[in-house]
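I opened this structure for a first look. These are my notes, in the order I took them.

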Amino acid sequence: MQGEENLQILVEPEGDSFPLMEISPCETEASEQWDYVLVADLRTQTDPRQVQQQRQFLEELRRKGFHTKMIKDQKQVFFGIRADNSIFDLYGSLLLEPEGPARHTEQAEATPVPVTTRIRIVNFVVQKNKTSAGKTFENLVKDGVFEARFPLHKGGKNLKTWAQWRGMFRKQPVDDIRDYFGEKVALYFAWLGWYTYMLVPAALTGLVVFLSGFSLFEASQISREICEAHDILMCPLGDHSRRYQRLSETCTFAKLTHLFDNDGTVVFAIFMALWATVFLEIWKRQRASVVLQWDLYVWDEDQEEMALELINCPSYKPQLHEHSYLRSTVILVLTLLMISLMIGMAHVLVVYRVLASALFSSSVLPFLEEQVTTAVVVTGALVHYVTIVIMTKVNKLVALKLCDFEKPRTFSERESRFTIRFFTLQFFAHFSSLIYIAFILGRINGHPGKSTRLAGLWKLEECHASGCMMDLFVQMAIIMGLKQTLSNCVEYLGPWLAHKWRSKRASAPARDPELRDWQRNYLLNPVNTFSLFDEFMEMMIQYGFTTIFVAAFPLAPLLALFSNLVEIRLDAIKMVRLQRRLVPRKAKDIGTWLQVLETIGVLAVIANGMVIAFTSEFIPRVVYKYRYSPCLKEANSTVDCLTGYVNHSLSVFYTKDFQDPDGIEGSENVTHCRYRDYRHPHHYTLTKKFWFLLAIRLAFVILFEHVALCIKLIAAWFVPDVPQSVKNSVLEIKYQRLCEKMRERRRLGRVRTGPQPPTPTRPTLASIFSTRSTDV
């Protein structure tokens, strides 16, 4: 092979001499001995300045106890890095309990260092390492001195079996994931698996609630009245519709709306509030059990980071906690400005929908004129999805800049603050449009004859003739469907195509097995600090869709369940087969994401209560049934209590009050039309029914939120965060350690027994007085 003739393998000698010396391929060590690999372009070897910087960087690593080796192929230069065992001994001794018994030290010395620990320490030192000019590895990458760094994929046979589609319904090997990728990744898959498992009852309940609407598809009194209302003419909804529409024409949409806007919606919303609490509480219990099994229950992340800093630099001094009110104020103002921008993007979507209504109404396609509202909702959802994709990149950049400005003390603190800021911005990017549709759309439009207009020209859009719940349902179904399907396709096809492209452009595989292994790892897709973060963020947004507006979209848990079954396998295939090995990270929980989940749970209670109160027809139906219903007049009547509700919920508008009544099709024989509101038929002011209904809506929101939050608190109290078995195990460990210390102290006391000088006794008050009297 042509590349093999020029193959050079250079290894660092055990002495202090440098540069590296050349040896033959047969003398190479096994690939398992090398913890980490640095890669540079082969052209850097023709530049003396870049070669010097590479040597300075490697020399600094050698001074810290690392061994290196260089291998060249046709296009790249590979630098293998192996840490000396003394580094790991130092790591173990730094993290031992100061008052721990002696036998723990012996066990620590006898126990081999886990591969994940080796990689984590080597990665930290390489990341912090600097040349004599003060340049870090990232600086050298920008200068073209190095190209990449990564740990090697080694072993993991069980994970290769796990990362297959046929293993979709098998139990996840969490312990194997932990031994290969570290605790952080293992906890992610453990949490994702538990979340997916808990979605099963939520999905089944939502499906039952949705299908129960089919039992009333034809029997619903409201749908029957709408379908039979051939003599009721509805006022034109907007400028795009210049004709009167018979209420019976909305029969199909009315029946569809009743599938997810029925009495079961309230029960399902309360169920989901309880479900979210039980899900989190039981996850906390599982997490405690797993972490205790991993011996990380009392692990301290700050101590871990300080130990790594001391290994890298013995003169390291911890950065003290600081707080700047000025810096916090600036960050708060900038965050609020970004949130305002997100809300402004929602207003841009409103403008789009208004302009789209005017455009579709004048379209040459006749079917668009009949379904303008539906077309506007669907295209608006598509535009919203594109906006989300764009703003996600902007939000990540802004959140990073805010974190850099805040100057967090440690990496974990930086990650936590970045998580909070990025999620906050993402929340408004994803849900601002849904909030507008749920609580604003159709409520600030005025009334026929006096409509609110954008820039005085275009009339604001209104809800569908069958109600606003239909618009919210369609918006959620499209956005969540696109997020789950397109995101999963891009998430898999992107890395797969990138890996195929990199492999196609690569040079021929080397004969040397070690170099071939390094080449194979290099051709995998690169990873970064956001690789796992992005997976968590995707799941948090999905969790928000599953819980926050679930009252309007009961099928959200079912869609999330199917998506997660695919997501687990996609993540496994990416990490094991398509990406370079993630640097293992230690963790005893999912960190700030738990606070995010708890926040989403509270927001879900508030949002679902407001959707039921203000968007759904549940409250108006209940008020009519117990205040205006014909059943109140006849106690034993067989008449449906909702008879006459449709006519009761529609106000009257006289066509003579239109600004341009002749411009409406068929206006010659029409004296009045109906619209959804509670207004007087002549002066069009709000009636007492409206204000009474508003008071009931507000009372329901308060009652619903208090009941749901009380249920959440009771469930949180009833299900302890930590199982009693875990508490007892921790208690037993503490007891055993104390007993061992007592035995050690007694053993040392017996060793010291023998001729001992008399122990001086403390003089008593009587002896002092007796001595003084004798002297006298």
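**Salt bridges**

I started with Asp404 and Arg414, whose side chains meet in a salt bridge, 2.7 Å from N to O. The model is predicted, so I read every value as computed from it. The pair links distant parts of the chain, with Asp404 in helix H16 and Arg414 in helix H17, 10 residues apart. I looked up how open each partner is. Asp404 is partly exposed, at 40% relative accessible area. Arg414 is also partly exposed, at 27%.

Next I took Glu598 and Lys284. Their side chains form a salt bridge too, at 2.9 Å from N to O. Glu598 lies in helix H22 (residues 593-615) and Lys284 in helix H12, so this pair ties together parts that are 314 residues apart in sequence. Is Lys284 buried or exposed? Lys284 is buried, with a relative accessible area of 13%. Glu598 is partly exposed, with 33%.

I then checked Arg178, which forms a salt bridge with Glu183; their closest N and O atoms are 2.9 Å apart. Glu183 counts as buried, because its relative accessibility is 4% and the cut-off for buried is under 20%. I also noted a network of salt bridges that links Glu59, Glu60, Arg62 and Arg63. My count of salt bridges came to 27.

**Loops with a positive phi**

I went on to backbone angles. Most residues other than glycine have a negative phi. I found Lys407 with a positive phi, near 55°, and Lys407 is not a glycine. Lys407 sits in the loop between helix H16 (372-406) and helix H17 (411-439). Lys407 is exposed, at 58% relative accessible area.

Asp295 also has a positive phi, about 60°, without being a glycine. I placed Asp295 in the loop between helix H12 (264-293) and H13. Asp295 counts as exposed, with 63% relative accessibility.

**One face of helix H3**

Which residues of helix H3 (residues 85-94) are buried? I found Ile87, Phe88 and Tyr91. Seen down the axis of H3, the buried residues fall within an arc of 95°, so they line one face of the helix. I looked up what they pack against: strand E4 (66-72), strand E5 (76-83), helix H5 (115-128) and helix H13 (301-312).

**A strand pair**

I turned to strand E6 (residues 148-151). Ala148 and Phe150 point one way from E6, Arg149 and Pro151 the other way, and all are buried. Strand E3 (residues 36-41) runs antiparallel to E6, and four bridges join the two. Val37 stands opposite Phe150 in E6.

**A nonpolar patch**

I searched the surface for nonpolar side chains. Leu326, Val330, Val333, Leu334, Leu337 and Phe405 form a nonpolar patch there, with about 530 Å² of accessible area together. Which helix gives the most to the nonpolar patch? Helix H14 (residues 325-361) does, with five residues. Leu326 is found in H14. Leu326 counts as exposed, at 66% relative accessibility.

**The whole chain**

The protein chain has 27 helices and 14 strands. Of its 776 residues, 49% are buried. The accessible surface comes to about 39,300 Å², and 61% of that belongs to carbon and sulfur atoms. Among contacts between residues at least 6 apart in sequence, 79% join residues at least 24 apart.

Terms used: Residues are numbered from 1 along each chain as its sequence is written. This is a predicted model: local features need pLDDT of at least 70, side-chain atom pairs count only at pLDDT 80 or more; totals for chains, interfaces and linings use all residues. Side-chain values use heavy atoms; hydrogens and water are left out. Buried means under 20% relative accessible area, exposed over 50%, partly exposed in between (1.4 Å probe, protein chains only). Two strands pair if DSSP finds at least two bridges between them. The arc is that of the directions from the helix axis to the C-beta atoms. Contact means heavy atoms within 4.5 Å. Patches are made of residues with over 30% relative accessible area and no salt bridge: like charges are joined within 9 Å, nonpolar side chains (Val, Leu, Ile, Met, Phe, Trp, Tyr) within 5 Å. Accessible areas come from the Shrake-Rupley method with a 1.4 Å probe; for residues, only the protein chains shown count as cover. A salt bridge is a side-chain nitrogen of Lys or Arg within 4 Å of a carboxyl oxygen of Asp or Glu.
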